[in-house]
Amino acid sequence: MKKRLLAGKILFFSMFCLTLPASGGELDVFANERGELKISGGTAHIPVMKDAAKKIMMVNSRIQISIAGGGSGVGIKQVGDGLVNIGNSGRRPTDKEIARHNLKVFQWAVDGVAPVVNPKNNINKLTKTQLADIFSGKISNWKQLGGADRKINLYTRDEASGTREVFWDKGLGKGSISPAANVVISNGAMKAAVSKDPYAIGFVSVGHIDRTVAPVALDGVIPTLKTVREGQYKISRGLYSNTRGLPSGLTKKFIDFLSGPEGAKIISKHGFIPVR
Amino acid sequence: MLSALTCASVIVLILLFLVYMGLPAIKGAGLGQLLLTSWDPYRDSYGVYPMMITTGAVSLLSLAFAFPLSLGCSFLINAAASKQIARQLRHMLELMTGIPTVIYGFVGIFLLVPVLREFFQSGSGMSILAASMMLGIMVSPTMTLIFCDSFDSIPRPYLDAADALGASRIQRLYYVTLPAAKFGMLNGVVLSLGRAVGDTLISLMIAGNSVQTPGSVLDSARTLTAHIALVFAADYESPEFRSIFTCGLILYLFIMLLTAVVRYVCRREA
């Protein structure tokens, strides 16, 4: 009986030790917090936000963090209107937006935006000129690039998307995007559309690339975490979290957590490059 | 009485709101500009002409799918099937009217779009055709039920008279039931058209949302409702955002006009 008790104590102690690192350290600051934190906006941010929120809510169940998408435009608008505590954007808010809503801008990661095709597509490299021609509609058949004799199905994002803006600016050199392009409303929807359409080309945040979509090398540089970090792959942007006025309380702690070492780990895990 | 007044005033208030919010865009670019040009915000063009065409095409085509389907179903329920089967069919249709449109959208993406893509070998499969087929399926239960109701409301002596003259079921349907139920059916069609015009999610999910003026039913295109949903994320102060009130106004006036025309036709004939 006594022995069993001892074994139980050892087991308990070792379990305690195992859970200690996860619940200690940086998450300690959340211990006395309670309340609700509302986040919305950029869809590239969502995996990181979810992971961070889960970790925080695990140590303190009195904190409720809700995460919604909508795109960069929505994020900036909603935080400006005070509908959410944090509005995420995949582009820096314009000076006008910052001034109008008194926004405070926090950049916590760098992210690449990569052209993607269906994994069944045998075309995996393009030049920048070819890319611009594809999106403007000048090249309209995969045959012209050495692929199947099928029309190229273009996918783009809505005008409020930060991902679109960066891709258009740095990937297409502000060239036109054909009006025939299909429009989807999030990074997730883009991935879903391209992964189901063998003749598709679209673009997603590098952090969202997995085996369901294939990245396309641009001028010989494959968009990966490494090439974005080292600066060889040029189509990149910051990921931002914006608050109205200086953040305080739970909002501040959340943003501090993201920019800390634990946050950096989460950010890298999801394919982005943390910035300090 | 009070609730009726509230309802009525809300409708008027919405109209006033839309006009008020839509005015800056209409004044800024001119109504003709908004109605007749295409959407290209980077070149300061905020026209919704392609979306109007798409809305028209999608909703009319969806009726073309839904009408024969509903007509057949209501014949079956009303005349051809046994009482037992008719009752069960009716229950099933009532259930179907309650299915959220997002479900139809999902089914469309996973089942219909790939089939259309491979069958026509043109484009991504996300097209006017895909959206209108799905919309047709969505509105047909409602349409069928209204058809059935209008068949049921035909006075019994009419039908008895036909029977007494030795008409077959088909003859009775063709010469008595259909003419007598004409206006009830028209109501059903108009109500369904309203639903098809107003539905957002199905077209947002499977019509493709491109901003071109569609040249064929296999083209990807954007309806007015999907356009509102897509542009809604834009900055409040931007001309893009202001222009979507015009879309709302167009939709509103279109439905009003449709209702008015049907009322007028029904009253004149009756």
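In the predicted model described here, the side chains of Lys269(A) and Asp51(A) meet in a salt bridge, with an N to O distance of 2.8 Å; the term denotes a side-chain nitrogen of Lys or Arg within 4 Å of a carboxyl oxygen of Asp or Glu. This pair links distant parts of the chain, 218 residues apart: Lys269(A) belongs to helix H10 (residues 261-269) of chain A and Asp51(A) to helix H2 (residues 46-59) of chain A. Helices (H or I, at least four residues) and strands (E, at least two) are DSSP runs, numbered from the N terminus. Over all chains, the search of the whole structure finds 19 salt bridges.

Residues are numbered from 1 along each chain as its sequence is written, and chains are lettered from A and ligands numbered from 1 in the order in which they are written. For this predicted model, local features need pLDDT of at least 70 and side-chain atom pairs count only at pLDDT 80 or more, while totals for chains, interfaces and linings use all residues; side-chain values use heavy atoms, with hydrogens and water left out.

Chain B contains 12 helices and 2 strands. Along the sequence, the pattern of chain B reads α-α-β-β-α-α-α-α-α-α-α-α-α-α. A box of roughly 70 × 55 × 30 Å, taken along the principal axes, is filled by the C-alpha atoms of chain B.

At the interface, 28 residues of chain B are in contact (heavy atoms within 4.5 Å) with 28 residues of chain A. The two chains bury about 2,300 Å² between them, 52% of it on carbon and sulfur atoms; buried area is the accessible area (1.4 Å probe) that two parts lose on being put together, summed over both. In chain B, the residues that lose the most area to chain A are Tyr42(B), Arg117(B) and Ala233(B), together 25% of what that side buries. Arg117(B) also forms a salt bridge through its side chain with that of Asp197(A) (3.8 Å, N to O). Helix H5 (residues 101-120) of chain B gives the most to the side of chain B that touches chain A, with 4 residues. That side divides into 13 nonpolar, 9 polar and 6 charged residues. Here Ala, Val, Leu, Ile, Met, Phe, Trp, Tyr, Cys and Pro count as nonpolar, Asp, Glu, Lys and Arg as charged, and the others, Gly among them, as polar.

The whole structure holds 3 cavities of 30 Å³ or more. On a 1 Å grid over the protein atoms alone, a cavity is a set of points where a 1.4 Å probe fits but cannot get out, and lining residues have an atom within 4 Å of a point. Grid points are joined across faces, edges and corners, and a volume is the space filled by probe spheres set on the points. The largest cavity has a volume of about 50 Å³. Among its 13 lining residues, Gly42(A), Thr43(A), Ser72(A), Gly162(A) and Thr163(A) are the closest to its centre. By class, this lining has 1 nonpolar, 10 polar and 2 charged residues.

Methods:
1 Å grid on protein atoms, 1.4 Å probe; cavity = no way out; pocket = protein on both sides within 12 Å on 5 of 7 lines; lining within 4 Å.
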